[in-house]
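Subject: Structure handover

Hello,

The structure is placed below, followed by notes on what was found in it. Please read the notes with the structure open.

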Amino acid sequence: MTETRRRNVGRVRLWRWRNNPLRRRSDRIEAWIVLVARVLAVLGGVLVGLAAAGATDGALAAQRAHAHAVPAVLTQQAPKTPQVSTDGSDGDTVWATVRWTGPGGGTHTGRTQVEPAAAAGTRVTVWTDRTGALVDEPLTPTESAFQAAATGLLAGSGTAVAVWAGGRLARARLDRWRLAAWDAEWERVGPQWRKRMTG
């Protein structure tokens with residue numbers, strides 16, 4: 001009984017592709033829409049996801065390559081209590097002014113996040129670019145891999161959903177076209193059919 005049910009399910013799914021006297025041109029169009037939408041959703045989702053993950057990983061690797069850890073010293077004592085942050089930054093650190101030596105030997109100063117109540121002269125590590133300007137600390141390779149995977153998954157899923165929605169929209173427009181064609185056909189055939197029924 002299970003085998004018969006499986007065969008029937010397969011037949012129901014493939015009915016648009018079989019030679020059938022009841023199959024209309026719109027049924028063939030719908031079959032192609034479904035097939036193309038499914039193939040594009042899968043392949044497009046995978047390709048876009050891989051491309052987005054690769055681009056993100058490349059950008060983060062470039063960011064890591066251009067950022068250099070440089071020793072710096074606090075020029076003043078850091079505040080004792082962290083201020084309430086509205087930008088979502090880490091609440092366990094405070095902002096303080098630091099001094100470091102740039103690539104050309106020049107002295108630079110800037111503000112960075114440090115431990116609360118750190119004394120003046122405390123050594124800290126800051127991240128700078130090739131010109132010696134402060135930059136954000138780059139993500140570690142593990143964090144970068146996670147970020148790239150998450151970006152790829154999101155981009156791939158979004159592409160698949162967009163293609164699937166486009167297929168559904170095309171099928172909905174095809175259904176509206178079918179209904180309009182049926183209405184036009186009924187306008188033509190309906191009066192003749194009613195005459196035959198009523199005699």
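Is Ala 117 buried, partly exposed or exposed? Ala 117 has 39% relative accessibility and therefore counts as partly exposed (buried means under 20% relative accessible area, exposed over 50%, partly exposed in between, with a 1.4 Å probe and protein chains only). The residue lies in the loop between strand 3 and strand 4. Most residues other than glycine have a negative phi.

On provenance: this is a predicted model, in which local features need pLDDT of at least 70 and side-chain atom pairs count only at pLDDT 80 or more, while totals for chains, interfaces and linings use all residues. Residues are numbered from 1 along each chain as its sequence is written, and side-chain values use heavy atoms, with hydrogens and water left out.

Overall layout. The protein has 3 helices and 4 strands (DSSP runs numbered from the N terminus: H or I of at least four residues for helices, E of at least two for strands). Along the sequence the pattern is α-α-β-β-β-β-α. Of the 199 residues, 23% are buried. The accessible surface comes to about 14400 Å², and 59% of that belongs to carbon and sulfur atoms (Shrake-Rupley method with a 1.4 Å probe; for residues, only the protein chains shown count as cover).

Strand pairing. Two strands pair if DSSP finds at least two bridges between them. Strand 1 pairs with strand 4 in the antiparallel sense over 6 bridges, with His 68 opposite Thr 128. Strand 1 also pairs antiparallel with strand 2, over 3 bridges; here Ala 72 has Trp 100 as its bridge partner, and Val 73 stands opposite Arg 99. Strand 2 and strand 3 run antiparallel and are joined by 8 bridges. In the hairpin of these two strands, with 5 residues between them, Gly 105 takes a positive phi near 95°.

Ala 96 stands opposite Thr 112 in strand 3. Thr 112 has 17% relative accessibility, so Thr 112 counts as buried. Leaving out residues up to four places away in sequence, Thr 112 touches Val 94, Trp 95, Ala 96, Val 98 and Val 126 (contact means heavy atoms within 4.5 Å).

Core. The largest nonpolar core has 12 residues, including Leu 74, Ala 96, Trp 100, Val 114 and Val 126 (such a core is a set of buried Ala, Val, Leu, Ile, Met, Phe, Trp, Tyr and Cys residues joined through side-chain atoms within 4.5 Å). Strand 1, strand 2 and strand 4 each give two or more residues to this core, and the largest share, 4 residues, comes from strand 2.

Surface. Trp 32, Leu 35, Val 36, Val 39, Leu 40, Leu 43 and Leu 47 form a nonpolar patch with about 670 Å² of accessible area together (patch residues have over 30% relative accessible area and no salt bridge; nonpolar side chains, namely Val, Leu, Ile, Met, Phe, Trp and Tyr, are joined within 5 Å, like charges within 9 Å). A salt bridge is a side-chain nitrogen of Lys or Arg within 4 Å of a carboxyl oxygen of Asp or Glu. Leu 47 is found in helix 2, residues 25-66, and is exposed, with a relative accessible area of 58%.

Regards
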